Amino acid sequence: MHDLQPFNALAGRVPLRADIGTVTLHETPNVALASVAARLGQETACNTALRDLLGTDLPGPGKAALGDSFDALWTGPDQWMICAPYATHEDLADIVKTRLGPSASVTEQSDAWVCLDLIGPGVNAVMERLCNLDIHMMEMGDATRTTIDHLGCLVVRRTPMNGFRILGPRSSAECLFHAIRTAMRSAL
Amino acid sequence: MTQENRLTGGQIDRTTRLRFQFDGKSYDGHPGDTLASALLANNVRLMGRSFKYHRPRGPLTAGSEEPNAIVALRSGDRQEPNTRATTAELYDGLVARSQNRWPRLAFDMMAINDGLSDFLTAGFYYKTFMWPAAFWERLYEPLIRKAAGLGSLSMQDDPDVYDKGFLHCELLIIGAGPSGLMAALTAGRAGKRVILADEDFRMGGRLNAETFEIGDETGAAWAEATVAELASLPNVRLMPRTTVIGAFDHGIFGAVERVSDHLAVPAPGKPRQILWRIYAKQSVLCAGATERPIAFDNNDRPGIMLASALRAYVNRYAATPARRVAIFTSTDDGHRTACDLQAKGVTIAAVIDTRTDLAFNHDYRVIRGGQVIDTQGRLGLTFITVRLPNGETQVVECGALGVSGGWNPNVHLTCHQRERPVWDDTLAAFVPGETLPVGMTVAGAANGAFSTHGALAAGQEAAITALQISDPQPALPWAEDAPVTQTPFWYVEGCSRAWLDQQNDVTVKDVKLSHQEGFRSVEHLKRYTTLGMATDQGKTSNMGGLAIMAELAGKAIPEVGTTMYRPPYTPTSIGVLAGRMRGKAFHPTRLTPSHQWAKERGAVFVEVGNRLRAQWFPIKGETHWRQSVDREVLATRRSVGVCDCTTLGKIDVQGTDAATFLNFVYCNGFAKLAVGKTRYGLMLREDGMAMDDGTAARLADDHFVVTTTTANAVKVYQHMEFVRQCLVPDMDVQLISTTEAWAQYAVAGPNSRKLLQKIVDPEFDISNDAFPFMACANITVCGGLRARLFRISFSGELAFEVAVPTRYGDALMRRLMRDGKEFDVTPYGTEALGVMRIEKGHAAGNELNGTTTALTLGMERMVSKAKDSIGSTLSERPGLNESDGLRAVGIKPTDPAQKITAGGHLMNATGPVDAAHDQGYVTSAAHSPTLGSMIGLAFLKAGNTRHGEKMRLVSPLTDLSVEVEITSPHFIDPEGERLRA
């Protein structure tokens, strides 16, 4: 076991958190990510293997499959982002690759992103000031790529009400956090 | 101060008194007032000075179309110029100042311009300030700008913040008058997602300003009840204080919500305004109409206003500009105004009606067929002169005059995508054309339906049609449905200084002059006279100007046409367009994995695009950056240095055709690169120019990691995706960026291997035999952490790049520093990196500048002719292959003490120094501590054949002229022995 101490995207050992009004924004470092892209001509094999791994149907455009161990977000034709708890799935890319074999290209993406959870009544009003998604119509399991504060992000509604997960580029985590916190102050 | 002109009734809250200041004097008003209504209630009619002639002016309107009552609102750094007193919502402590006067509003020295009006006609500036040309910018323009113009800026930073936001709806309703409210009610009750936006702080539109009844209640009461019902519907979003400023493509609208403009200071963290982008599947424009004035001599005195404004002040704000009022009208609205005023106890001096065939019988004096031909009162109206039908004139005493010349539908938003309105003969006005922005319908007065019933019916119908509502609708409440005919009456015969555009001081005479001087097209008329410019964009003036131009040209008004309507509909602050994107927030900052560590270490950072990178790491005793950089270079070349190179783009390339794909995008061969090997690669653009360079490491048969330059990381990824999806869709290859996923550090210098051997887990042999130059491998470090190791070198030394998952980047850097102590490990920044790559002769962004080719860069042999690759064919163009073309060289001054600079040009040792004799230019220059002088990289004509030649490096702009020697671009270790060690 190596002895290097991890550093969160928001430059700390303790996940950053902001509470404003009824809404909480907190960093969620415990997320492992792996991208999956089906190989050419292997789409069916990839879909089948991935469905077996997730235990659910694969999400289509604008959708996420939210499972017990794994989430899958649609990111493009025959492409998904697989999410799992980092603590138990640090080797997520290897796990997925082992299951999918030559049917897919799998790339570790865990540390390419910062994961922020925005939760609480009024969260829609905050999101309205951040991105051009039709936030009020997003249902649990909707996931879309959008731009927040110039940054390409993935927005997932993971709870029926009042909750969004935002995946954004890790190197700009501070700016993203700041933008969301500013919108919270403004809207709440 | 008593509110001597305050009447009874109105929609103001008399239980609360608000104190405010205008030009230093204190007054009282009430919630519900605007600044203009409160001033009128306090018997203040004079609110500003005109643009050019500095004539005293008061409000012409009671709304956003106001040309005259323009003030500077608030003070200090919150001072906002050119704010309309007619829309500024009164709050306690409001401070406003009049503009464009000196020294004060009632006595303005610049009013001398008014006496010079014969000279200051249309086109005056163009005709007068012609000579000498150099004086325009330095003397004339500043002088004119000072004398004319409207408000001035505070020149301080705006302390407030502005937001942007995004809304979606099935139906956007623009305007909450009778048609807008009815449309919202119809759509809201049907359960549709509705946004109802209105620029006013009180919804209801003209219903608040009129005494019309709807059903068995007043229009205002009906509006209030309707708004209350709409507010209770969760699917309806009411947005008062929100102006829809533009109709853009695909049903997207811009709207500015004034969140805090009615407060002295915004609440902490709250924005002053929000710019909403509204995505509407359908929209109904219910923007109402604007009353048009009549032009007559001296029609601009304070107290002269539109009849509709008089009714608004009297009915809604319970404020009258005077106790004795006359009306000048060409429509029935004038009489309605007289009745409303009379009911409030205001004396009607006379109603002058241009029409002679009137059937009305009223208990006030009516002058049928009369016309107002002149007025008096320097700072406010005192008398009007009326010409009777028999030619006699009569003077009538009054403190205010209501003018009514009919109504113009507010078609602006229907025209924001270059549509044109069409002329309606019955209304003698432009109405929306047949082509409208996608999804838009127009209802109510904006569409020429001027009666209250017409507005309600049109609003209901618009909602039903737009949303295909099939539910049966309740009957509309009763409302007046008077037939509307408008007889055009634009100006009084024989007038000359009759103001059309009060904001820009354009008179009837100016329009005639414009016609006389050949500026007859409506767009020329606008620019020559300034008719319709500035904050009100001619909402009350354009039609008058058009009508006169049409008459002079002998054309019908629709033949003359209108000027283009463009967003924004009303003045919009630059601040709200910028939103949060100002200062540091203008673009996001990207931090490297070692940022925190570098900060602790005292690094000096530099912005590289959005990236923040350590430029150098000063240590104690160093007072100049060169000391730090020289030390870092020498220490690296002597022992070992570490540099964060995470910012280089990293692209994961996988698939059975990955090698074939790279063979196509790089000009050099990649098909046969062995697993475990890295290769330097050059990408060309389709046109044969060099695009980017980097490396590709083959981690498996079907897996490469490509690196790009920092600057081109995104561009190269986009390019590769384009190639994959569009040029070679039949290849099995998948791409994804992993730039952010890995922290990558260059470990360079003769002791780099020794340092890494302490970190790389022992099962991985990184000796020169096992891990030679250009090797790559998946390894583990520090006892099992997955990592990648590449033996590549940008510095020219024995060097490696080691990558770990980003979250361990900070820890790895600290570990390298700790374990490297025995080798005197030195972190180095981008400056030292740059010095070392120039010493080594490696190209970077300065050389890959979009104008260079593989040949220019000295890499022509890399362009493989054994295969097809992007840019390969066009790189063979004759023009890119001339023998005297630019070639990469090195330069150094013959006197080592001399300075050389990037950007300087190379000239022959003798001969002229000019562009015609230019031999080439320097792209990169640095002081080389290794060589003890400055060195540079340059592109020189036939440079490959000129090594050893003495030339002059010149920069005439900085008076630089230095003798330099042309050398190979590889100053250090040209044979590459060090990096293979």
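A crossing of two helices is left-handed if the near helix is turned anticlockwise from the far one by less than a right angle, and right-handed if clockwise. By that convention, helix H16(B) passes helix H21(B) in a right-handed crossing. This is a predicted model, in which local features need pLDDT of at least 70 and side-chain atom pairs count only at pLDDT 80 or more, while totals for chains, interfaces and linings use all residues. Residues are numbered from 1 along each chain as its sequence is written, and chains are lettered from A, with ligands numbered from 1, in the order in which they are written.

**Interface between the chains**

- Chain B places 38 residues in contact with 37 residues of chain A; two residues are in contact if their C-beta atoms, placed from the backbone, lie within 7 Å.
- On the side of chain B that touches chain A, at least two residues each come from strand E8 (162–174), strand E31 (590–591), strand E35 (649–654), strand E39 (734–737) and helix H20 (809–819) of chain B. Helices (H or I, at least four residues) and strands (E, at least two) are DSSP runs, numbered from the N terminus.
- E8(B) gives the largest share of that side, 5 residues.
- That side of chain B has 13 nonpolar, 14 polar and 11 charged residues. Here Ala, Val, Leu, Ile, Met, Phe, Trp, Tyr, Cys and Pro count as nonpolar, Asp, Glu, Lys and Arg as charged, and the others, Gly among them, as polar.

**Nonpolar cores**

- The largest nonpolar core has 179 residues, and A:Ile82, B:Tyr745 and B:Val747 are those with the most contacts inside it. A nonpolar core is a set of buried Ala, Val, Leu, Ile, Met, Phe, Trp, Tyr and Cys residues joined through C-beta atoms within 7 Å.
- A residue is buried if 20 or more other C-beta atoms lie within 10 Å of its own, exposed if 12 or fewer, and partly exposed in between, with C-beta atoms placed from the backbone.
- Helix H4 (residues 173–187) of chain A supplies the largest share of this core, 9 residues.
- Neighbours within four places in sequence aside, A:Ile82 is in contact with A:Leu33, A:Ala34, A:Val36, A:Phe70, A:Ala72, A:Leu92 and A:Val96.
- A second, separate core of 88 residues includes B:Ile70, B:Ala312, B:Val386 and B:Leu546.

**Helix H16(B) against H21(B)**

- The axes of H16 (residues 625–638) and H21 (residues 830–840), both of chain B, come within 9 Å and cross at roughly 60°. Axes are lines fitted to C-alpha atoms, for helices over the stretch in contact, and angles run from 0 to 180 degrees between N-to-C directions.
- That angle makes H16(B) oblique to H21(B); angles under 35 degrees count as roughly parallel, over 145 as roughly antiparallel, 65 to 115 as roughly perpendicular and the rest as oblique.
- B:Val629, B:Glu632, B:Val633 and B:Thr636 of H16(B) make the contact with B:Glu831, B:Ala832, B:Val835 and B:Met836 of H21(B).
- By class, the residues of this contact are 5 nonpolar, 1 polar and 2 charged.

**Helix H10(B) and its two partners**

- H10 (residues 508–516) and H11 (residues 522–529) of chain B have axes that come within 10 Å and cross at roughly 120°, which means that H10(B) is oblique to H11(B).
- H10(B) passes H11(B) in a right-handed crossing, with B:Asp510, B:Val511 and B:Ser514 of H10(B) and B:Leu525, B:Tyr528 and B:Thr529 of H11(B) making the contact.
- The axes of H10(B) and H12 (residues 542–553) of chain B come within 10 Å and cross at roughly 45°, so H10(B) is oblique to H12(B).
- The crossing of H10(B) and H12(B) is right-handed. In it, B:Val508, B:Val511, B:Lys512 and B:His515 of H10(B) meet B:Gly545, B:Ile548, B:Met549, B:Leu552 and B:Ala553 of H12(B).

**Backbone exceptions in chain B**

- Most residues other than glycine have a negative phi, and most peptide bonds are trans.
- The peptide bond from B:Pro567 to B:Pro568 is cis, with omega near 0°, and B:Pro568 is in the loop between helix H13 (557–560) and helix H14 (574–578).
- B:Cys782 is not a glycine but has a positive phi of about 55°. B:Cys782 sits in the loop between strand E41 (776–781) and strand E42 (785–790) and is buried, with 20 other C-beta atoms within 10 Å.
- B:Asp973, also not a glycine, has a positive phi of about 45°. B:Asp973 is partly exposed because 17 other C-beta atoms lie within 10 Å.
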